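Open the model in your viewer and keep the selection panel at hand. The stops below are meant to be followed in order.

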Amino acid sequence: MGMRTRLLERSAHTNKEKEMIKILHTSDIHLDAGKDAYCMEILDALLDRAKKENVAALFLCGDLFHTDSDLFNEDFREIVIEKLNNNTQQFRIYYIPGNHESFNGDYSFMEAFDWKQIDFLPRAKICTLEKDDEKLEIVGIPHSRNYAGLFHKWNPAKKSTKLRI
């Protein structure tokens, strides 16, 4: 509420309404190559919503694919990647893998895939979004069997924005 109030106060001085940074977050879509028509309808609906809401970014947080067979199905994976990439001019897309895409917590094999304009996050990372003069940091952390090690190994940069989530 505080950030919204500050934005409205600022816009009141300029007589110009200012939008906040909007993100769309989803997880556990479980796209299944065996049900590709239905899955593409779901993905289309998600992308349409992101466009309608004029989001700065779409976060796909875990289990985009239902099984490793779906992920390794090159034709299916390429259709999904292409559909997502067709929208990267309107908003950024971040893909944070989940347990259905993991081999014992290892996502390095996925880095060999061509994600094109999709920001693939196989390791913890801070993503910075900007709109007008506003900035927002979002911490993306992929699935892990044990998160304890992450906090001993990862030393994130000091917060450079008003808000980090």
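Predicted model: local features only at pLDDT ≥ 70, side-chain atom pairs only at ≥ 80, totals over all residues.

Residues are numbered from 1 along each chain as its sequence is written, and side-chain values use heavy atoms, with hydrogens and water left out.

**The sheet**

Begin with the four strands, which form an open sheet in the order 1-2-3-4 with parallel pairing. Strands (E, at least two residues) and helices (H or I, at least four) are DSSP runs numbered from the N terminus, and two strands pair if DSSP finds at least two bridges between them. Strand 1 (23-26) and strand 4 are the edges, each pairing on one side only.

Select strand 1 and strand 2: four bridges join these parallel strands. Ile23 is found opposite Ala57 of strand 2.

Four of its five residues are buried, so strand 3 is largely enclosed by the rest of the structure. Buried means under 20% relative accessible area, exposed over 50%, and partly exposed in between (1.4 Å probe, protein chains only).

Next, show helix 2, which lies across strand 1 and strand 2 and runs at about 160° to strand 1. The angle is taken between N-to-C directions, on a scale from 0 to 180 degrees, with axes as lines fitted to C-alpha atoms, for helices over the stretch in contact.

**The cores**

Which residues have the most contacts inside the largest nonpolar core? They are Leu60, Leu64, Val80, Leu84, Tyr95 and Trp115, in a core of 28 residues. A nonpolar core is a set of buried Ala, Val, Leu, Ile, Met, Phe, Trp, Tyr and Cys residues joined through side-chain atoms within 4.5 Å. Helix 2 (36-52), strand 2 (57-61), helix 4 and strand 3 (92-96) each supply at least two residues of this core, and the largest share, six residues, comes from helix 2.

Centre on Leu84. Beyond neighbours within four places in sequence, Leu84 is in contact (heavy atoms within 4.5 Å) with Leu43, Leu47, Leu60, Leu64, Ile93 and Ile118. A second, separate core of 10 residues includes Tyr94, Cys127, Leu129 and Ile138.

Select Asn85 in helix 4 (residues 74-85). Asn85 is buried at 11% relative accessible area, and its side chain reaches the backbone oxygen of Trp115 at 3.2 Å.

Move to Asp119, in strand 4 (residues 119-120). Asp119 is buried, at 18%, and a polar contact of 2.7 Å joins its side chain to that of Arg92. A polar contact is a pair of N or O atoms within 3.5 Å; within protein, one must be able to donate a hydrogen and the other to accept it, and residues adjacent in sequence count only if both atoms are side-chain atoms.

**The cysteines**

How many disulfides does a search of the whole structure find? It finds zero, a disulfide being a pair of cysteine sulfur atoms within 2.5 Å. For Cys61, the nearest cysteine sulfur is that of Cys127, 9.1 Å away. Cys61 is partly exposed, at 22% relative accessibility, whereas Cys127 is buried, at 2%.
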